[in-house]
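Me: Could you walk me through this fold, one question at a time?
Reply: Happy to. Have a look at it first, and then we can start with the sheets.

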Amino acid sequence: MPEKVVPGRNTAAAEGDVVVFHIGLRINRLWAFSSWVPAFMSMPRMLRELSQEKGSGLLGYKVLYGGLRDFYVVEYWTDKERLLAYAHQQNKEHRPAWSAFNRRARAGKGRVGIWHETFIVPAGSYESVYVDMPAYGLGAATGVVPVGRRGDTAAQRLRAAEK
């Protein structure tokens with residue numbers, strides 16, 4: 001079912017600082033299923049867990065594909081403390097998946113790669129515009145508001161966010 005298009009010009013309803021986390025998997029040897037399938041399958045479990053847990057800090061995410069070998073997720077978080085806390089909790093999906101990945105990676109000798117990047121984005125340092133689009137990216141994570149509430153141009157929206 002197609003996502004509902006939000007008509008007109010809109011911007012993300014985000015307030016304050018935002019944490020953007022990118023995490024990806026690269027399949028270096030396509031036929032080495034036992035090296036990459038478990039890592040590939042662990043991400044949906046983590047995203048489901050975070051999405052269902054009120055107060056986890058995850059605002060939203062988008063799964064993206066960079067071709068046959070590259071998959072990644074852009075995640076939006078309320079703060080770095082909750083992101084880091086999730087990464088270290090023994091009773092959550094991430095910690096055992098990460099340990100298992102490291103064991104397979106040592107044995108697999110480069111058959112699959114994992115990467116991540118974390119960006120702490122202060123208020124006033126991000127802006128967005130979505131024109132006749134379903135809610136997307138930060139807008140999907142935080143909701144959207146008409147552009148006029150924050151400014152008609154990117155420069156105006158950035159200035160408005162600084163206040």
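Me: In what order do the strands of the open sheet of four strands lie?
Reply: Keep in mind that this is a predicted model. The edge strands of this sheet are β3 and β5 (112-121), each pairing on one side only. Neighbouring strands are turned by 15° against each other on average, direction ignored. With antiparallel pairing, the order is β3-β4-β2-β5.

Me: Which helix packs on that sheet, and what angle does its direction make with that of β4?
Reply: The helix touches β2, β3, β4 and β5. This is helix α1, residues 33-52, and its direction makes with that of β4 an angle of about 20°.

Me: How many bridges join β2 to β4?
Reply: Strand β2 covers residues 18-27 and pairs with β4 in the antiparallel sense. The number of bridges between β2 and β4 is eight.

Me: And on the β3 side, which residue of β4 is the bridge partner of Tyr-61?
Reply: Strand β3 (residues 58-65) and β4 are antiparallel too, and they pair over seven bridges. Among the pairs, Tyr-65 has Phe-71 in β4 as its bridge partner. For Tyr-61, the partner in β4 is Glu-75.

Me: Which residue in the turn between β3 and β4 has a positive phi?
Reply: β3 and β4 form a hairpin, with four residues between them. The phi in question is about 120°, and the residue is Gly-67.

Me: How many residues of strand β4 are buried?
Reply: Strand β4 runs over residues 70-77, which makes eight residues. To count as buried, a residue needs a relative accessible area under 20%. The strand is mostly covered, and its buried residues number six.

Me: Why is one side of β6 and of β7 left without a neighbour in the sheet?
Reply: These strands belong to an open sheet of three strands, with antiparallel pairing and the order β6-β1-β7. β6 (130-133) and β7 (144-146) stand at its edges, so one side of each has no neighbour in the sheet: each has a single partner strand.

Me: Is Ala-85 buried, partly exposed or exposed?
Reply: Ala-85 is found in helix α2, residues 80-88. Its C-alpha atom and that of Trp-31, 54 residues apart along the chain, are separated by 35 Å. A buried residue would be under 20% and an exposed one over 50%. Because its relative accessible area is 35%, Ala-85 is partly exposed.

Me: Stepping back, what pattern does the chain follow along the sequence?
Reply: The secondary structure comes to five helices and seven strands. Read along the sequence, the pattern is β-β-α-β-β-α-α-β-β-α-β-α.

Me: What share of the contacts with a separation of 6 or more comes from residues 24 or more positions apart?
Reply: For scale, the C-alpha trace spans about 55 × 30 × 25 Å along its principal axes. Of the 163 residues, 36% count as buried. Residues 24 or more positions apart account for a share of those contacts of 76%.

Me: And how far apart are the mean positions of the positive and negative charges?
Reply: The chain exposes about 9900 Å², of which carbon and sulfur atoms supply 57%. There are 23 positive and 15 negative charges, and their mean positions are apart by 8 Å.

Key
Residues are numbered from 1 along each chain as its sequence is written. This is a predicted model: local features need pLDDT of at least 70, side-chain atom pairs count only at pLDDT 80 or more; totals for chains, interfaces and linings use all residues. Side-chain values use heavy atoms; hydrogens and water are left out. Helices (H or I, at least four residues) and strands (E, at least two) are DSSP runs, numbered from the N terminus. Buried means under 20% relative accessible area, exposed over 50%, partly exposed in between (1.4 Å probe, protein chains only). Contact means heavy atoms within 4.5 Å. Accessible areas come from the Shrake-Rupley method with a 1.4 Å probe; for residues, only the protein chains shown count as cover. Lys and Arg count as positive and Asp and Glu as negative; His and the chain ends are not counted. The place of a charge is taken as NZ of Lys, CZ of Arg, CG of Asp or CD of Glu. Two strands pair if DSSP finds at least two bridges between them. Axes are lines fitted to C-alpha atoms, for helices over the stretch in contact, and angles run from 0 to 180 degrees between N-to-C directions.
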